[in-house]
Amino acid sequence: MSATLEHSVVLDEAAGVVRILDRRVFPSRVEWVDAATPDEVATAIRDMVTQSSGPLYAATAGMALAALQARELPVGEARAALGRAGRALATARPTNAHPRDAVARILAAGRDADDTATLVAATVDTAAAVDRDYREASLRLGRATLSLLPESPRILTHCWADAYLFGLVAAAREAGREIEWIATETRPYLQGARLTAHSLRELGQKVTLITDGMAAAALASPRGVGTGPIDAVVTAADRVALDGSVVNKVGTLAHAAAAAAFGVPYFAMVEAPDPGAPTGADIVIEDRDPREVLEVLGQRTASPLVTDAWYPAFDVTPPRLVTRIATSRGTFEPARVGDHFTVDADAPAPTPAVVRRRALDEPAPVAATVQPDTIAFHPVPITPTEEASE
């Protein structure tokens, strides 16, 4: 069983294009955008034709396309063309580091090529290897994440985790375990409502959709959502700094803070932390066109009198709100996530104690006409160091 979005970027060598499934209109319409040049691939990434893991797949396909289009050039000109393509693809969206790292690995593979044919072959082969390795790493990441969860977990997720989501579902199937999902809609592009929830249903998963503003209520309620209380918040991370700061779709910070306030763990998934980002402050947060907040899927929703808006595409969740970070090499406390690079990639990761579900005498879903029970809010205390710095 697979989901439509598992294979949403295709390099069509015969046609000389990269075909990208347009996630902006999926699943209402299944349309493909044909990018005939690496610059057009970069534009598609920047314009949100594809998101989450999609930019990595598009970047690898774009580099392969650049190599194929340089086959008739002298080796120096071919190398220069690949360099230009790499810069465009790696910087199309600044916060997600996966395209940047993929491009760096692909360019490095052809560094010692003495002729164009060797350069092209190294580029195309490495692009395919990056794509394959990322998918395999996502399954290992799914297994690591599953080790943090109770036997039949009920988890709240935000935005669109893409390959990480597929890896976690595959890991659960592999272990004979079931997951119940609560997905936020994720404004303004509604990735959670359109991509996450749709893909989970394609995969036969139980999923309940809520609006972004309902997450805190869902975490606070002892009755929970769906069939009971939420066991954990689990999201992907576009980037994780070495201090354990998690950068993900804007809204993640609010959900992590609410989870901490109500005693629910927050787990972040990332293939690997970014060694180039010592702290969360070292990660550039992409500001998108604020007009996107005034509309939903191209339809104006704000009053015509409203002209000002703000749209940071990501936010930074500080380490104190992160319970544990899962990577393709195991799970780590936020402050020790840099240990990912010292762990033997082939060694079995130590399994932490499984989190137990919060006990309830009479677990029951919330009826549509019943207001969920609430719990007194207990703010997360700041550390003395943070207090002194304010």
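Guide: Arg-239 counts as buried, because its relative accessibility is 8% and the cut-off for buried is under 20%. Please note that this is a predicted model.

Visitor: Where does Arg-239 lie in the chain's secondary structure?

Guide: Arg-239 is part of strand 8, which covers residues 239–240.

Visitor: And which backbone oxygen lies 2.8 Å from a polar atom of its side chain?

Guide: That is the backbone oxygen of Thr-95. The backbone oxygen of Pro-94 also lies 3.0 Å from a polar atom of the Arg-239 side chain.

Visitor: What else does Arg-239 touch?

Guide: Leaving aside residues up to four places away in sequence, Arg-239 touches several residues, including Ala-97, Arg-100, Ser-245, Val-246, Val-247, Asp-274 and Ile-283. Pro-94 and Thr-95 are also among its contacts.

Visitor: A change of topic: are the residues on the two faces of strand 10 buried or exposed?

Guide: They are buried on both sides. Tyr-266 and Ala-268 are on one side of strand 10 (residues 266–269), with Phe-267 and Met-269 on the other.

Visitor: In what sense do strand 7 and strand 10 pair?

Guide: Strand 7 (residues 232–236) pairs with strand 10 in the parallel sense, over 4 bridges. Within strand 10, Tyr-266 stands opposite Val-233.

Visitor: How many bridges are there between strand 10 and strand 14?

Guide: There are 3 bridges, and this pairing is in the parallel sense. Strand 14 spans residues 324–327, and its Ile-325 is the bridge partner of Ala-268.

How values were computed:
Residues are numbered from 1 along each chain as its sequence is written. This is a predicted model: local features need pLDDT of at least 70, side-chain atom pairs count only at pLDDT 80 or more; totals for chains, interfaces and linings use all residues. Side-chain values use heavy atoms; hydrogens and water are left out. Buried means under 20% relative accessible area, exposed over 50%, partly exposed in between (1.4 Å probe, protein chains only). A polar contact is a pair of N or O atoms within 3.5 Å; within protein, one must be able to donate a hydrogen and the other to accept it, and residues adjacent in sequence count only if both atoms are side-chain atoms. Contact means heavy atoms within 4.5 Å. Two strands pair if DSSP finds at least two bridges between them.
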